[in-house]
Amino acid sequence: MLSRAFKEHQARQAAHREKQERLRREAVLASSRLTYRMMDTLNIGVEQAYVNQRKLETEAKQLQVHAVRFSKQTVQWLQMLESFNKALKELGDVENWSRVIEADMIAIASALEYAYKGDGPKSSQSH
């Protein structure tokens, strides 16, 4: 009777150990699945952040290229505007020069005309 109780106790302990081992394996499996799912969730967020970072870096490089190009174009525009202003000033100088020459030519023409008219009749009368 005692040996029977001992055998039953050992059988119950063995069944209890098997149940504990089965529950332990299930808990390990469940925690492993949970860990993988959490890692997948985190990895998706990290992956998306990485993709966004790459896009931002690409767009920043493009923006820098466009800014440099715009800066060069602005310098060219400023140079063209400066050349245009210089040409306008020179044109104004030429216009003033031509007015001065025209006034001088009119004065010379008037003087010549006056000299021709004034000398002409006197010299023809003395001959």
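Q: Is lysine 117 buried or exposed?

A: In this predicted model, the category follows from relative accessible area, with over 50% as the cut-off for exposed. Lysine 117 has a relative accessibility of 53%, and therefore counts as exposed.

Q: With which residue does lysine 117 form a salt bridge?

A: The partner is glutamate 113, and the closest N and O atoms of the pair are 3.1 Å apart. Both residues belong to helix H1, where they stand four residues apart, about one turn of the helix. Glutamate 113 has a relative accessibility of 45%, so it counts as partly exposed.

Q: How many salt bridges does the count come to?

A: A pair is counted when a side-chain nitrogen of Lys or Arg lies within 4 Å of a carboxyl oxygen of Asp or Glu. By this rule there are six salt bridges.

Q: What separates glutamate 26 and arginine 22 in helix H1?

A: The spacing along the helix is the feature to read here. Glutamate 26 and arginine 22 are separated by about one helical turn, because they are four residues apart in helix H1. Their side chains meet in a salt bridge, with an N to O distance of 3.4 Å. Glutamate 26 is partly exposed at 42% relative accessibility, and arginine 22 is also partly exposed, with a relative accessible area of 39%.

Q: How many residues apart are arginine 54 and glutamate 57 in helix H1?

A: These two residues are three residues apart, about one turn of the helix. Their side chains form a salt bridge with an N to O distance of 2.6 Å. Arginine 54 counts as partly exposed at 42% relative accessibility, as does glutamate 57 at 31%.

Q: How many helices and strands does the protein chain have?

A: The protein chain has one helix and zero strands. Its radius of gyration is 54 Å, well over the 14 Å that the globule rule gives for 127 residues, so the chain is more spread out than a compact globule. The span of the C-alpha trace along its principal axes is about 185 × 10 × 10 Å.

Q: How far apart in space are arginine 4 and glutamine 62?

A: Separation in sequence and separation in space are read together. Arginine 4 and glutamine 62 are 58 residues apart in sequence, and their C-alpha atoms are 86 Å apart in space. Arginine 4 is located in helix H1 and counts as exposed, at 59% relative accessibility.

Q: What percentage of the 127 residues in the protein chain is buried?

A: A residue is called buried when its relative accessible area is under 20%. Buried residues make up 0% of the 127 residues in the protein chain. The chain exposes about 12,300 Å², of which carbon and sulfur atoms supply 62%.

Q: Which residues make the nonpolar surface patch of about 630 Å²?

A: The patch is made by Val94, Trp97, Ile101, Met105, Ile108 and Leu112. Isoleucine 108 lies in helix H1, which covers residues 2–126. With a relative accessible area of 47%, isoleucine 108 is partly exposed.

Terms used:
Residues numbered from 1 in each chain as written. Predicted model: local features only at pLDDT ≥ 70, side-chain atom pairs only at ≥ 80, totals over all residues. Heavy atoms only, no water. Rg over C-alpha atoms; globule rule 2.2 N^0.38 Å. Buried < 20%, exposed > 50% of the residue type's maximum accessible area, 1.4 Å probe, protein only. Areas by Shrake-Rupley, 256 points an atom, 1.4 Å probe, with all protein chains shown as cover. Patch = residues over 30% accessible without salt bridge, like charges linked within 9 Å, V, L, I, M, F, W, Y side chains within 5 Å.
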